[in-house]
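Have the model open while you read.

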Amino acid sequence: MRRLLVTGGAGFIGSNFAHYVLRETDLDVTVLDKLTYAGHEASLAGLPPERFELVVGDIADSELVDKLTGSHDAVIHFAAESHNDNSLHDPRPFIDTNIIGTFTLLEAARRHDTRFHHISTDEVYGDLELDDPSKFTESTPYNPSSPYSATKAGSDLLVRAWVRSFGVQATLSNCSNNYGPRQHVEKFIPRQITNLIDGIKPKLYGEGLNVRDWIHADDHSSAVLRIVEAGEVGETYLIGADGEVDNKTVVESILRLMGHDAGDYEHVKDRAGHDMRYAIDSSKLRTELGWAPSFTDFDSGLAATIDWYASNEAWWRPQKAATEAKYTELGH
Ligand code: NAD
Ligand code: TDX
């Protein structure tokens, strides 16, 4: 394997993956990205031009996708509409990109017999109760709650069907909540950090008791690379770093790390259908493929993320006002 086609590589996790691959391996990377509101060319700055190329285009453009898939050794598919709140407001782009876009890529992978890795989320499994001792595993039944997670579940099932019916050489991974640099300010952690920089109080949906299982984006990247190298075709791997924390504790940690009183936040309107808890059992990935996360201390990963936003205001500033205006309109 020499050349990877990375869809959605100008987004949060895809850009961290492109940086990771170009830093840690000798593979070449082509990013295919539509540069929606969530894609930033600046996230790809500094990558070596002899090993990296950005193609601006839509994963639902079958001609373009066919050409690129045919000239690469593997497709790593990150591109998606990714924000739950947006999907509750306007689901259409989620159908177009997450369903039709994934279908378009699968058809190209089928024509060219190209290795395919599909990036998905733990949200396809629905949610767990706070006091439930269990975690999601690869055999947990699908039960998505939001239009976003329903389209991700649909795309996963398309991938599985293309493996079984057409012999597409695909693997899948479902990861928990990522944090790290270059995440859009609409998402929970960057929103609170940039709010504090702007003198706005952090906003907790509802009571803030909801639990997310946090993993650093670099650990997601190392897991995906390991699956692409050694995963078994047709298999699904859950990716998680045992990072369960409730939202209230995350906000308190951000406040403390940024030198504020830990109680200085406000409660805002809850999300419709808000999933209570996600938790990943990643033992299959750890035992079968020998993967382990490197970021095991959430507070130090959070501190480094805060430093990144403090030092990269030019990256996030253009999105901040419009993002907050949209949240105000939605009551969040
Ligand atoms: P993001 O919204 O930051 O980035 C998505 C990228 O896809 C953007 O660069 C956007 O321009 C691009 N894109 C959107 N529609 C496109 C289209 N039609 N054609 C080409 N490019 C298009 O998302 P993210 O948080 O980086 O998530 C990446 C992937 O990881 C998604 O598949 C998401 O479901 C999955 N995932 C995310 C998380 C998380 O915590 N963020 C956790 C698990 C899985
Ligand atoms: O201002 C906020 N206040 C708040 O309390 C925001 C934006 C969010 N929240 C809550 C909602 C969630 O319980 O924080 C939690 C995290 O919210 P998001 O960052 O929107 O993430 P989530 O909905 O958990 O989904 C994320 O993880 C799974 C990604 O956005 C998805 O793409 C991924 O599939």
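In this predicted model, the axes of helix H4 (residues 92-112) and helix H5 (residues 147-166) come within 9 Å and cross at roughly 15°. That makes the two roughly parallel, a label for angles under 35 degrees. Local features need pLDDT of at least 70 and side-chain atom pairs 80 or more, while totals for chains, interfaces and linings use all residues. Residues count from 1 along each chain, chains are lettered from A and ligands numbered from 1 as written, and side-chain values use heavy atoms, leaving out hydrogens and water.

**H4 against H5**
- The contact (heavy atoms within 4.5 Å) involves residues including Phe 94, Ile 99 and Leu 106 of H4 and Tyr 148, Leu 158 and Trp 162 of H5.
- By class, that contact of H4 with H5 has ten nonpolar, five polar and three charged residues.

**Ser 146**
- Ser 146 sits in the loop between strand S5 (115-121) and H5.
- Its relative accessibility is 10%, so Ser 146 counts as buried (under 20% relative accessible area, 1.4 Å probe, protein chains only).
- The Ser 146 side chain makes a polar contact with that of Asn 84 at 2.6 Å (N or O atoms within 3.5 Å, one able to donate a hydrogen and the other to accept it).

**Helix H8**
- Buried residues of H8 (residues 247-257) include Val 250, Ile 254 and Leu 255.
- The buried residues of H8 pack against, among others, helix H6 (188-197) and helix H10 (298-311).
- At the start of H8, a side-chain oxygen of Asp 246 comes within 3.2 Å of the backbone nitrogen of Lys 248.
- Just after H8, Gly 259 has a positive phi of about 80°.

Terms used: Axes are lines fitted to C-alpha atoms, for helices over the stretch in contact, and angles run from 0 to 180 degrees between N-to-C directions. Helices (H or I, at least four residues) and strands (E, at least two) are DSSP runs, numbered from the N terminus. Angles under 35 degrees count as roughly parallel, over 145 as roughly antiparallel, 65 to 115 as roughly perpendicular and the rest as oblique. Ala, Val, Leu, Ile, Met, Phe, Trp, Tyr, Cys and Pro count as nonpolar, Asp, Glu, Lys and Arg as charged, and the others, Gly among them, as polar. Buried means under 20% relative accessible area, exposed over 50%, partly exposed in between (1.4 Å probe, protein chains only).
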